[in-house]
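Please look over the sequence and the structure shown here. The briefing that follows goes through strands, rings and cores in turn.

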Amino acid sequence: MPSTLTTTLTFSAALLTTINALPWNVKPFNRQHYSPPSWVPHNFVPPNPTPAPYISGPELTVNFPDPCIIVVNGTYYSFATGSAAANIPIAYSTDFVNWQLVVDDTGAEVDALPTTGDWVNMTSPNTWAPDVSQLDNGKFIMYYSATALASPGGAHHCVGAATADTILGPYVPLNSSLVCPLAQGGAIDAAGFKDWSDKGYGWGRNLSSWNGWGWQGNDPHNPWCEPSWSQGGNGGQRYVVYKVDGNSIGHGGICNNGIPPIVGTPIMLQAVAADGVTLQGAPVEILNNLGLIDSGVVEAPSLVKSDTGEYVLFYSRNCYSSVNYTESYATSTNVNGPYTRRTDLIVGGNNTAGLAGTGGATVLWDGVHMVFHADALASGFNNDRLLHTAIIDIEGTHVTI
């Protein structure tokens, strides 16, 4: 698909209220196939995405690193690492094709996280890599990382959490950090995951009643609109995945971890209660860097469960500031692992899309819609981290793009 450059959209207070009040039964759609009415029936789900798997972008003309993705009321939202104007900026799209920044009446970026928490070093908060999920009660939770006051010199990051009643916030942070292993270098890149036990209707490969436009039934168990069935299904266990930021205490070289001995940067899986913030048990390591072959770094985990029950862990490897930052994935039949590394998904500096520094991806729970950041090789690698989108396909242990 061709690149789509977008402009910003001014959101008045009244319009923000209107968007947040849209009925839960408005679903996402594909603009090539469907023009949405103001209300759609409860059994509507998006049509099969076409064309075949693709990469598109840049979708915005400003840096938008480490994007996440969530669908609410038929609209795709993405939150990103802090900018000069906002701790956590927001972009949105009604069709996954045309993206715009959320700005206020003055044209300034709306900040989803105007206050970052008492545990944060406000001299240099460096809010990174947010992820937003919807809880079963309809509320929203944001995971993010920021520099911690408790760290030596306030330089290392920890993971925090904030909650909101509506998708656009403002998100109110917890008083203390959620995960903060400072002795191991801190923690970053947290993301929520729901290991549903009962799969919802209206998504996945095996839709016997799929007619190309919607689910031909009227079961309320629709993950596209029912909060208790969000992220693919109902019940099960919630988790947070994150990276222990070991390279922050490395021995120098690329991303401070290119000189042996290489420090571990494990990706951890932490069970949480239904509120998304009450930790349950000890975290489990599910992946780690393999030394210099990964430039001493694996990070930015995004975990999804396919419609057939396979666990797919998307992650970035190599240094984020290098051309060869690469988006990869691993799979497992058990949420706790072991995870088997598969082929790289988008190799930075060596892909058909001509992109460099490709990583920081998040995949929507449907295993189809992906957002990530990248720079264009043709323009010269400037370490710009611009929003890109992709339609992917998960079949068993294979992911194609």
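Strand E7 (residues 128-134) and strand E8 (residues 140-147) pair in the antiparallel sense over 5 bridges, where strands are DSSP runs of at least two residues and helices (H or I) runs of at least four, numbered from the N terminus, and two strands pair if DSSP finds at least two bridges between them. The model is predicted, and local features need pLDDT of at least 70, side-chain atom pairs count only at pLDDT 80 or more, and totals for chains, interfaces and linings use all residues. Residues are numbered from 1 along each chain as its sequence is written, and side-chain values use heavy atoms, with hydrogens and water left out.

**The hairpin of E7 and E8**
- Within this pairing, Val132 stands opposite Met142 in E8.
- The hairpin has 5 residues between its strands, and Gly138 takes a positive phi near 95 degrees.
- Strand E7 is mostly covered, with 6 of its 7 residues buried, where buried means under 20% relative accessible area, exposed over 50% and partly exposed in between (1.4 Å probe, protein chains only).

**An open sheet**
- The order E2-E23-E22-E21 describes an open sheet of 4 strands with antiparallel pairing.
- Strand E2 (54-56) and strand E21 (355-363) stand at the edges, each with a single partner strand, so one side of each is left without a neighbour in the sheet.
- From one strand to the next, the twist averages 30 degrees, with axes taken as lines fitted to C-alpha atoms (for helices over the stretch in contact) and angles running from 0 to 180 degrees between N-to-C directions.
- E2 and strand E23 (residues 386-391) run antiparallel and are joined by 3 bridges, and Ile55 has Ala390 in E23 as its bridge partner.

**Aromatic rings**
- The structure holds 10 aromatic pairs, meaning rings of Phe, Tyr and Trp (its six-membered ring) with centres within 6.5 Å, where planes under 30 degrees apart count as stacked, over 60 as edge-to-face and the rest as tilted.
- The rings of Trp203 and Trp365 have their centres 5.3 Å apart and their planes at 90 degrees, so this pair is edge-to-face.
- Trp203 lies in the loop between strand E12 (198-199) and strand E13 (233-234), whereas Trp365 lies in the loop between E21 and strand E22 (369-376), so that the pair links distant parts of the chain, 162 residues apart.
- Both Trp203 and Trp365 are buried, and ring pairs link Trp196, Trp203, Trp224 and Trp365 into a cluster.
- Lys199 lies over the face of Trp203, at 5.3 Å from the ring centre, and the charged end of Lys305 sits over the ring of Trp196, 4.1 Å from its centre; such a charge has NZ of Lys or CZ of Arg within 6 Å of the ring centre and within 35 degrees of the ring normal.

**Nonpolar cores**
- The largest nonpolar core has 26 residues, of which Tyr77, Phe79, Met142, Ile167 and Tyr171 touch the most other members; a core is a set of buried Ala, Val, Leu, Ile, Met, Phe, Trp, Tyr and Cys residues joined through side-chain atoms within 4.5 Å.
- E8 gives the most to this core, with 4 residues.
- A second, separate core of 21 residues includes Tyr54, Trp99, Trp196 and Val371.

**The whole chain**
- The secondary structure comes to 1 helix and 25 strands, and buried residues make up 57% of the 401 residues.
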